[in-house]
Amino acid sequence: MALPIFLAEDDPALREQLIQAMDSICDAKVVATAETEAQATGWLSRHPHDWELGVLDLFLRQGTGIGVLRALNTPQERDRMVVLTNSASAENRATCLALGAHAVFDKTLELEDFLQHCRDCRDRQDRERGGKADERVQDKPEGKPEAKTS
């Protein structure tokens, strides 16, 4: 099952690239997007159960991803948020993590790590819902026989 993602990104070209990458690489579906803090907080407050992973840029057209994190109502909501930014300084990372974000990724240097995080979230969602996790992940190493018990 596709992982439902909320994405707050104000750059239209980058937003489209991220949507395509998350869809094709992570089997994720972006269920809503926002360009401003107000749009993001409004959608999230009206749809608390419609997303499993939130992805926030730090600097939006109006407002910030930090403002979105502050507006979230529960620790569970904040823990489902990651920040994907070009401004992943130590100070910004510390602020986001202190506000409850699960992780902070640099758009330029840590995009693969971000995509892996999306895959991990999708696999966890599948396991929790009784579905199959990513078929690329195997339960046991190939070629090794199972231990036999007598």
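**The nonpolar cores and the elements around them**

In this predicted model, the largest nonpolar core holds 21 residues, and those touching the most other members are Phe6, Leu44, Leu56, Leu69, Met81, Val83 and Cys96. Two or more residues of this core come from each of β1, β2, α2, α3 and β4.

Leaving aside residues up to four places away in sequence, Val83 touches Leu56, Leu58, Leu69 and Cys96, together with Ala101, Ala103, Val104 and Phe105. Val83 of β4 is also the bridge partner of Leu56.

The strands can be followed from here. Strand β3 spans residues 53-56 and runs parallel to β4, to which three bridges join it. Strands β1 and β3 are parallel too, joined by four bridges, and Ile5 has Leu53 of β3 as its bridge partner. In a regular strand, side chains alternate between the two faces of the sheet. In β3, Leu53 and Val55 point one way, while Gly54 and Leu56 point the other way. Residues on both sides of β3 are buried.

Helix α2, covering residues 37-46, has Ala40, Gly42, Trp43 and Leu44 as its buried residues. An α-helix has 3.6 residues a turn, so residues three or four places apart point the same way. The cover over the buried residues of α2 includes the strands β1 (3-8), β2 (28-34) and β4 (81-85), as well as helix α3 (65-71). Leu44, one of these buried residues, is also among the core members with the most contacts to other members.

Methods. Residues are numbered from 1 along each chain as its sequence is written. This is a predicted model: local features need pLDDT of at least 70, side-chain atom pairs count only at pLDDT 80 or more; totals for chains, interfaces and linings use all residues. Side-chain values use heavy atoms; hydrogens and water are left out. Buried means under 20% relative accessible area, exposed over 50%, partly exposed in between (1.4 Å probe, protein chains only). Contact means heavy atoms within 4.5 Å. A nonpolar core is a set of buried Ala, Val, Leu, Ile, Met, Phe, Trp, Tyr and Cys residues joined through side-chain atoms within 4.5 Å. Two strands pair if DSSP finds at least two bridges between them.
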